[in-house]
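Hello,

Here is the structure I promised to pass on to you. Please open it beside this message, and then read my notes on what turned up in it.

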2 protein chains.
Amino acid sequence: MPYVGVGIQQRSASLRSHRMIRAYAALLGGVLVSLFIVGMGKMQADAGGVPIPRKESIEEIQDQIGRALMEAIEGEKIKENLRALTKEPHQAGTKANERVAKTIEKMYTAAGLQKVHTLTYDVLLSYPDWDRPNTVSIRNRAGRAVFTSRGVSAPILPDEQGAPHAGHQWLAYSAPGTFEGDVVYAHSGTPKDFAMLKKLGIDVTGKIAMMRYGEGFRGDKVAEAQAHGARAAILFSDPAESVWMPPEGVQRGSIMKLNGDPLTPLYPAKPGAYKSRTVDEVKEARIIPSIPALPISYETAYEILSRLGGRPVPGEWQGNVNVTYRLGPGLRDGHTTVVDVKSSLETKHVHNVVGYIPGQDEEDRYVILGNHFDAWVYGSIDPNSGTAILAEVARAMVETTKNTTWRPARSIMFAAWDAEEYGLLGSTEFVEEFVQQLGDRAVAYLNMDCFAGNFSLDVRTIPSMRDVAIDVAKRIPNHLEEQVALGRKTLYDTWARTFPGQNGQPDMKIPGGGSDHAGFLTFAGVPVIDFNMINATRNSYPLYHSLFETPFVNEHLYDKPDFAMHRAIGRYWAELARTLADSPVFPINVTKIAEEMGGNYVVELRKTLNQLPANPNLLEAKQQVDFLEKAAAKFLVRSQHFAEHARHVNAELQNNPYDQRKLRGVNERIMMTERCFVNPRGSPGAPQNRHVLYSISEHDSYSGKVMAAVYDAIDDYANATDKKKAGRKVAEQISIIYHSVHCATNTLKHFF
Amino acid sequence: MPYVGVGIQQRSASLRSHRMIRAYAALLGGVLVSLFIVGMGKMQADAGGVPIPRKESIEEIQDQIGRALMEAIEGEKIKENLRALTKEPHQAGTKANERVAKTIEKMYTAAGLQKVHTLTYDVLLSYPDWDRPNTVSIRNRAGRAVFTSRGVSAPILPDEQGAPHAGHQWLAYSAPGTFEGDVVYAHSGTPKDFAMLKKLGIDVTGKIAMMRYGEGFRGDKVAEAQAHGARAAILFSDPAESVWMPPEGVQRGSIMKLNGDPLTPLYPAKPGAYKSRTVDEVKEARIIPSIPALPISYETAYEILSRLGGRPVPGEWQGNVNVTYRLGPGLRDGHTTVVDVKSSLETKHVHNVVGYIPGQDEEDRYVILGNHFDAWVYGSIDPNSGTAILAEVARAMVETTKNTTWRPARSIMFAAWDAEEYGLLGSTEFVEEFVQQLGDRAVAYLNMDCFAGNFSLDVRTIPSMRDVAIDVAKRIPNHLEEQVALGRKTLYDTWARTFPGQNGQPDMKIPGGGSDHAGFLTFAGVPVIDFNMINATRNSYPLYHSLFETPFVNEHLYDKPDFAMHRAIGRYWAELARTLADSPVFPINVTKIAEEMGGNYVVELRKTLNQLPANPNLLEAKQQVDFLEKAAAKFLVRSQHFAEHARHVNAELQNNPYDQRKLRGVNERIMMTERCFVNPRGSPGAPQNRHVLYSISEHDSYSGKVMAAVYDAIDDYANATDKKKAGRKVAEQISIIYHSVHCATNTLKHFF
């Protein structure tokens, strides 16, 4: 049914559904739909005349649809999903994980999603030898083992955790091999730590580097150890960083230093497609290590630490294993350490599962909700808490379309990604395959990997999405009764109080590289929100990547049996999606980019350059900052005019439904403004890092950093001998930001 | 006024204007517009009821609007424009050319275009020393000059050609310098020619290479000479290639081997923007030569050729100067040759002039008509025949909107580019600045640089645009009375007969790199049509880049005083624009890409690979051809389904104007299918060559070649010592085509 004009003024573009106009059309047409008595699935006819509704009613109807949708999300169903998804360990590329994919396909189909199917890629994965665990042993001078780790963690809840091989301790992409030698304790394995070792006169060359988890990506630690000449690497979970972790538990994980299939950079690893890189080239490029690496429990770590020779470590390097940590090299009494890792690289099929609720007005605009489903073991937190919630969001949304007249105006896509744990492979290959369509059609990507606590919402997003992240949080009831009792009725209330940020908003970091949103933002330029629940301290979550992540933990340690927190996450996800799918003008505020650019980024950049020793080779770079500042000011003015235009188009919309074309034009501009910050050639040396503002630093692959390529160039300048050339590189990188800002200004204009 | 449904079925998407529906709305609303009595500028009211028109009437109305537009184009006005534009020599970057830009701005404004303004860039240009002409001299053993060229051609029509310095003989981007030495005759200066010289035992090292124009780009000749060790280069117009050229005439031109400003590759040379390359780097990269080069007349060439020593040249190297051509090296009697070139590189402002007729339905979709305005001297053929016609097309279009109810549905943009002659600088910088907006909004770019003859239409375009190029040509009356007398009533009739091609269509080449369409197609992926009039032989046009291109030539040698041919060009241009602006579904046939891919490109590629000596290192490449073939077959099926869908949307359009959104979606898909063939990283070593099907070969910069990067890789393979690596490069380039084809298939689908 086409729109009819109902003569109602809308004041604001955001958070008002033009789907609502349709609901009105139905009302005015004499069919009163029991929109809000959700769960009954009935429609009641009403022949009576209905007066033109007041403006407030639109908001009411919308609020009621939102409430209907939220009520439709059931904790019990999430719990069922979670149990179905975590029956067995399911690493990417295994038969078990294929079974999980099938389970998700069934869930999506049963939920009523349309076009449910899988997208398959052939990617390079890594496995241990399941029958021969990896070990670390200690040998005496006679060469006899005085200690050998079991290499397998024992379950605590055998009913949930007792599958064969579930306890296997390993790191994906470790080189296979056995190395016997001396251990050096390298603290967290950061460049700073290795520099300190050097200062302390300890050489890691030919040694085994023993490092704690924490402070950065484990792959960087192993790579750093290898770069310093280490022949093997051991990673352990120091109790200082490992809340709840049993003495035998280990953190598994990938140590590949790249997102996506390493053999098919920039292009999708479609079955049969050419692989432009060989495994040897991947190793030469240090994307995967050439040395064996394995994770050990702190029980095993104790065996080494308690025997380690050399001087005591610097004070802040001491951890919580109950011995005095020493630097090494080597154990006392001439004992040696043996690291024995069995592993193989294998090309395997991985399968993303997708399904849709097609948009009724704009089928070809997508709001995408995603989470991965592969896990290191059972994955009941990471990631299947999210998988279970997402499937329930899908079911609740379809149910709401059945029980009300509501249909999303734009398409909502549900995506369960495979092989995230190995390096975001499933989502990265997807983004590489569909980068053009995403650039052209994706409104936003909403990622929830897993929660890492249960106290407060935590949101990582880009400036243009902050408003919608906040507005929606204000609509979601708080799952914590004790917080509600303190007057904090919504997720927003606890969030704003726990993580206060600037301008009276909660603090929202720029998304980093740690989950499936990364490709969407950094390669395709799609606005993303990556959110979860965390504790007030923002630590890594307890039991991370361990055997012990099974449903018991969700049900009794993180959440209550009613899954109130799981539901709250689902509600936030669903309401974000509905808002982005239904708002006539996208609730994406490009003015915020301009404000950040002029108000913060340029200011910080100038400060950074001014802190460097004055040098004529920096003049060009400084000139480019001035030039960028002027461009940012222009962009700000233009974006303010555009916002005015968008409001105008939005206001006219109801009186003249023909203006859908104009609305589409406005939204196209919003999308394309975001895409201006994609440099199609990527940052120097990292063509996959294409977002010039919010890509991942080549010097620090874990965290999100603004204008990473510029700051990397500044770092390089500081260390360069050829300051002239290095200074030019800084200027060039700043000029690339300038061109993006200028592109954004041009995008908001009507003509060239 | 919004659309109203008039219940008329449209059978075909192409060439039917949905603007027409509006014209009907006016008719049905009781206002009968004297649509077709053009030139009267009146509207007549008619209160009478008008019956629902028959289907045919839509076509009739459309035909009549087309005729009205064509009639509005006046030969006399083109002639006036041409005189105004060619008053003085106007090289890019000179005050005289700024005056021409102002003249165009005034013409566009007077024509009634909107938002007329200039877009300015700062680019690296090159000039001679106007007060000290470049010369070539011959010295005897005593060092005394026995001949010195004047370095300035004398005018034939002093009234039109008598400006100071007009006759100056020079090549842009020549290095300055004086070199005395021996001449070697290197025929056309192609790699083949230099190989032949080597075979003949003639070493060019330390010599002056003397080469004829013809067979490729002059910049390649000079670069080739430099690469073979020549210290200076002389180019002459052999009478064999130079119809009508007076003995003293020379062909000027640029010898830069790159499109766009060489100091700001890939980014626009906005005033103040960072220049990422230095002049030294440009020379090191051999983008501009390090040796002096100059053009000489055949009168001067005679002085050298008649004294040249050595053996006679191979038979096919002999030209039409009336002496026996000899190879050299050196002149008889110990005479030497001195090349003396004065030149300087200067960064200058250049100014593109743009103006618009805003689209009434889709203001943010652009059909762009372009031609450059800078010239080597007066430029009355190249390029101002085109400039004069384009300004008249603008005037006639605006006039038609005033005298009828017609308004283009989409925006029509008129562009006069600066600094084309130096290397497409104005248009390339424009494309670099607006590449994102062009990718998102440009329907097509229609280029006419200048005519090169007067007999037949000649069209260079890509497969998807062939149909519209033909359909429009069938509507344009033939300007040649003698052809009309032979029954060839339209431009199409003469064209199809003169240049018959495949499938009963006229032969249309892929556009090469020689004019301003290049950046649109190869960098931005915008479909282009580059057309002109030529003689049946397709030779370079008489008097090309000479002093003698002044209006007399247009009026009396190429065309008749009524400018019938100039008008015919304008009519074709205008009707192409109107068709692309008004057709509800873009008349861009993406199915043709799929047909060419599977039917021709894959077949040719396989043949080429099979002709190479069998080698296991080619296996991967051959597998990729199979893979590509399958992808092409899928693309074909999908594009046929899409065409069906597009027809359906088009047919429904009139009954349900709400479906404008769907129409926009269909057209978005057509645009984005074309854009799939843009590889954002460009071809290896040439990031500006981004179109994977229709970019310019790095091995042959003048002509358009299909899948240039693939064939370049095959060439490299043939010459490679590391066949394994080279074979992988071939496979990789083929896989990039595969990914583009797959992207096209995905673009035509509704979901991922």
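The link of Cys676(A) and Cys743(A) is left-handed, with -65° about the S-S bond. These two cysteines form a disulfide, their sulfur atoms 2.0 Å apart, where a disulfide is a pair of cysteine sulfur atoms within 2.5 Å. Cys676(A) lies in the loop between helix 20 and strand 18 (696–697) of chain A and Cys743(A) in helix 22 of chain A, so the bond ties together parts that are 67 residues apart in sequence. Helices (H or I, at least four residues) and strands (E, at least two) are DSSP runs, numbered from the N terminus.

Before I go on, a word on the source: this is a predicted model, in which local features need pLDDT of at least 70 and side-chain atom pairs count only at pLDDT 80 or more, while totals for chains, interfaces and linings use all residues. Residues are numbered from 1 along each chain as its sequence is written, chains are lettered from A and ligands numbered from 1 in the order in which they are written, and side-chain values use heavy atoms, with hydrogens and water left out.

Back to the cysteines. Cys676(A) is buried, with a relative accessible area of 3%, and Cys743(A) is buried at 8%. Here buried means under 20% relative accessible area, exposed over 50%, and partly exposed in between (1.4 Å probe, protein chains only).

How many disulfides does the structure hold over all chains? There are 2. In chain B, Cys676(B) is joined to Cys743(B), S to S 2.0 Å. The torsion about that S-S bond is about -65°, so this disulfide is left-handed. It links distant parts of the chain, with Cys676(B) in the loop between helix 20 and strand 18 (696–697) of chain B and Cys743(B) in helix 22 of chain B, 67 residues apart. Cys676(B) counts as buried at 4% relative accessibility, and Cys743(B) is buried with a relative accessible area of 9%. Two further cysteines are worth a look: Cys450(A) is buried at 7%, and Cys450(B) at 8%.

Next, the empty space inside. Rolling a probe the size of a water molecule over the atoms shows where empty space is left. On a 1 Å grid over the protein atoms alone, a cavity is a set of points where a 1.4 Å probe fits but cannot get out, and lining residues have an atom within 4 Å of a point. Grid points are joined across faces, edges and corners, and a volume is the space filled by probe spheres set on the points. The count comes to 17 cavities of 30 Å³ or more.

The largest cavity has a volume of about 1,100 Å³. Of the 50 residues that line it, the closest to its centre are Pro680(A), Arg690(A), Val678(B), Pro680(B) and Arg690(B). Which element gives the largest share of this lining? Helix 11 of chain A does, with 7 residues. By class, the lining of the largest cavity has 26 nonpolar, 12 polar and 12 charged residues (Ala, Val, Leu, Ile, Met, Phe, Trp, Tyr, Cys and Pro count as nonpolar, Asp, Glu, Lys and Arg as charged, and the others, Gly among them, as polar).

The second largest cavity holds about 130 Å³ of space. It is lined by 18 residues, of which Ser683(B), His691(B), Val692(B), Ala709(B) and Gln733(B) lie nearest its centre. Helix 21 of chain B supplies the largest share of this lining, 4 residues. The classes here are 8 nonpolar, 7 polar and 3 charged residues.

Glu362(B) lies in strand 13 (residues 362–372) of chain B and counts as buried at 6% relative accessibility. Leaving aside neighbours within four places in sequence, Glu362(B) is in contact (heavy atoms within 4.5 Å) with Arg661(A), Ala409(B), Arg410(B), Ser411(B) and Arg664(B). Glu575(A), in helix 17 (residues 564–582) of chain A, counts as buried at 1%. Leaving aside neighbours within four places in sequence, the contacts of Glu575(A) are Gly66(A), Leu69(A), Met70(A), Val472(A), Arg475(A) and Ile476(A).

Best wishes, and enjoy looking around.

Definitions and conventions:
1 Å grid on protein atoms, 1.4 Å probe; cavity = no way out; pocket = protein on both sides within 12 Å on 5 of 7 lines; lining within 4 Å.
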